[in-house]
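Subject: Handover of a structure, with notes

Dear colleague,

I am passing on the structure below, together with some notes for someone who has not looked at it before. Please open it alongside the text as you read.

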Amino acid sequence: MRLYNTLTKQTEEVKPLEPPTVTVYTCGPTVYDYPHIGNWFTFIRYDLLVRALKANGYKPKWVMNITDVGHLVSDADEGEDKLEKGARREGKTAWDVAAFYTDYFLNGLERLNFTKPSYLPKATDHITEQIGLIKALEEKGYTYQISDGIYYDTSKFAKYADFAQLDLDEQQAGARVEYNPEKRNPTDFALWKFSPRDHKRDMEWDSPWGKGFPGWHLECSAMCMKYLGDTVDIHSGGIDHVPVHHTNEIAQSEAATGKPFALLWMHTNHILINDEKIAKSAGNGITLEDVEAKGYSLEALRLHVLESHYRSQSKFSWNSLEAAQNRLRNLQAMAALRWQARDTVQDAGTFALDDVAQELKMFLADDLNTPGSLAYLSNVETQLTTVLIEKDMVDHFVDMLGAIDSLLGLNLLEIADISDESKQLIAERERARADHDWAKADELRSKLARAKIGVRDTSSGPIWFPL
RNA sequence: GGCGCCUUGGCGGAGCAGUUACGCAGAGGUCUGCAAAACCUCGUAGACGGGUGCAACUCCCGUAGGCGCCUCCA
């Protein structure tokens, strides 16, 4: 399996430290509000990564964290904690807000048919580990204290700028934010922030340096190392994390352990809506509820994610979701053939159902080429809907659907057989057609359509499909 | 100001130096009692201008436009 590695800027073979296990860390959500569709796009892409790894013989150990403290609203450690801000907005405590949106997120993973991560650790459950990491950094001389917290001195980590190819001097010149003048370097970041004197935070902990809370970047390093070891095989997240969050994770982790933090870094590009990135301020933060309210299924959303490559900046619109929904319907029509096998079919051809899984797997093994896998699947669909299924092919056909589902998560196996009543209507319509009672035949077709069942007539009899 | 990316047919969206990506929508046709089904065909796609190749959408240079990051962000 090959993936593009942000670290080396090239596509390379996945080489886990201890195959067949492959450790994967994904930077998860900050649970202060409803995730928008762009967040879900990214997470679905990592679900696909894990599915692809499994299909290609690996045993993924997947950790996705829940950021429930410390994620600051704005710039260089000056801003407010997102959780505390969310709490004020909703008149709750930060703990309540975190619990609510954590539940919402976990529920979303199920609604979207995610592979279950091996661990979904919360930052607030790992304060001890985070303090331990700061201590390690302190012992090695990477930290310093200023009035509002303990900071990491990025000038002590020689290759700080390498990962994101940062030009630190030039950046400084054009920076749009004012940095805390107490900091030694503009890129230095908080490891531990002291609680403010004037009010009590909902979330705060004791530490060797005083009461406060951990900086945002710290949690990922601490939890990744706790669950997956000092060196993780694949570390992943949104492309926006490259210059700051992941750069800082590398700095603090490698400074503490002296080992590479991740062998391969994988980053997903963002989707745009109306050629703009998604931001709450732009009012384009579409949620899963919005998608469903417009009558689109979450499977259609997932299919839409598959239609573009994870490294390209793709566009989202209701039109394109509509297209995905229609495309999904056609795949579901193919899946419905499992209930409608014929004793014999004309020209069964030489189509090899067993090859489908292998082919799809190869597309995904090629840097998650999901658009290629769908193009292939469309060709399969065209052949099968033309040829139909013979009874002794059904087992193979169901296996094929299962393989598609386990790779792409489209729930094609969930397309159920129709009721006996509906089958009788279809049979009745056939009799009407035989009697040339076209009015009755068309009426029955309308009746079936109201039950979301479509019918097409073929030389080997009627075929139904879900509308 | 710095760094990087992108520009493909109505829409979405890939790969590839020379063979149809694919899907959705649309047009024409075939079949059928009819069809909203199915099948076939079609739209003379590659921002623009140069260059290197026998050959470029696919490599190089330039121009125009767009986007992302440098600041919380999937």
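This is a predicted model: local features need pLDDT of at least 70, side-chain atom pairs count only at pLDDT 80 or more; totals for chains, interfaces and linings use all residues.

Residues are numbered from 1 along each chain as its sequence is written, chains are lettered from A and ligands numbered from 1 in the order in which they are written, and side-chain values use heavy atoms, with hydrogens and water left out.

The chain as a whole

Chain A has 15 helices and 15 strands, where helices (H or I, at least four residues) and strands (E, at least two) are DSSP runs numbered from the N terminus. Along the principal axes, the C-alpha atoms of chain A fill a box of roughly 90 × 45 × 40 Å. Of its 467 residues, 53% count as buried, a word that stands for under 20% relative accessible area, with exposed meaning over 50% and partly exposed in between (1.4 Å probe, protein chains only). Among the contacts in chain A with a separation of 6 or more, 75% come from residues 24 or more positions apart, a contact being heavy atoms within 4.5 Å.

The sheets

Strands of a sheet pair through backbone hydrogen bonds, either parallel or antiparallel; here, two strands are said to pair if DSSP finds at least two bridges between them. Strand β5 (residues 143–146) is paired with strand β6 (residues 149–152) in the antiparallel sense over 4 bridges, and a hairpin of 2 residues joins β5 to β6. Gln145 has Ile150 of β6 as its bridge partner. On to strand β7 (residues 189–194), β6 is joined by 4 bridges, again antiparallel, and Gly149 stands opposite Lys193 in β7.

Another open sheet is formed by 3 strands in the order β12-β11-β13, with mixed pairing. Its edge strands are β12 (276–277) and β13 (314–316), each of which pairs on one side only. Strand β11 (residues 271–273) runs antiparallel to β12 and is joined to β12 by 2 bridges, and Leu272 has Lys277 as its bridge partner in β12. Helix α1 (residues 37–55) lies across β11 and β13, at about 155° to β11.

Two helix pairs

The axes of helix α11 (residues 353–365) and helix α12 (residues 370–387) come within 8 Å and cross at roughly 165°, which makes the two roughly antiparallel; angles under 35 degrees count as roughly parallel, over 145 as roughly antiparallel, 65 to 115 as roughly perpendicular and the rest as oblique. Their crossing is right-handed, the term used when the near helix is turned clockwise from the far one by less than a right angle, left-handed being the anticlockwise case. Residues in this contact include Phe363 of α11 and Tyr376 of α12.

Helix α14 (residues 420–434) and helix α15 (residues 438–450) pack at about 160°, with axes 8 Å apart, and are therefore roughly antiparallel to each other. Here the crossing is left-handed, and among the residues making the contact are Arg429 of α14 and Trp438 of α15.

Two single residues

His245 lies in helix α7 (residues 242–257) and, at 1% relative accessibility, counts as buried. Apart from neighbours within four places in sequence, His245 is in contact with Cys27, Trp216, His217 and Cys220.

Ser317 is placed in the loop between β13 and α10 (318–335) and, at 30% relative accessibility, counts as partly exposed.

Terms used. Axes are lines fitted to C-alpha atoms, for helices over the stretch in contact, and angles run from 0 to 180 degrees between N-to-C directions.
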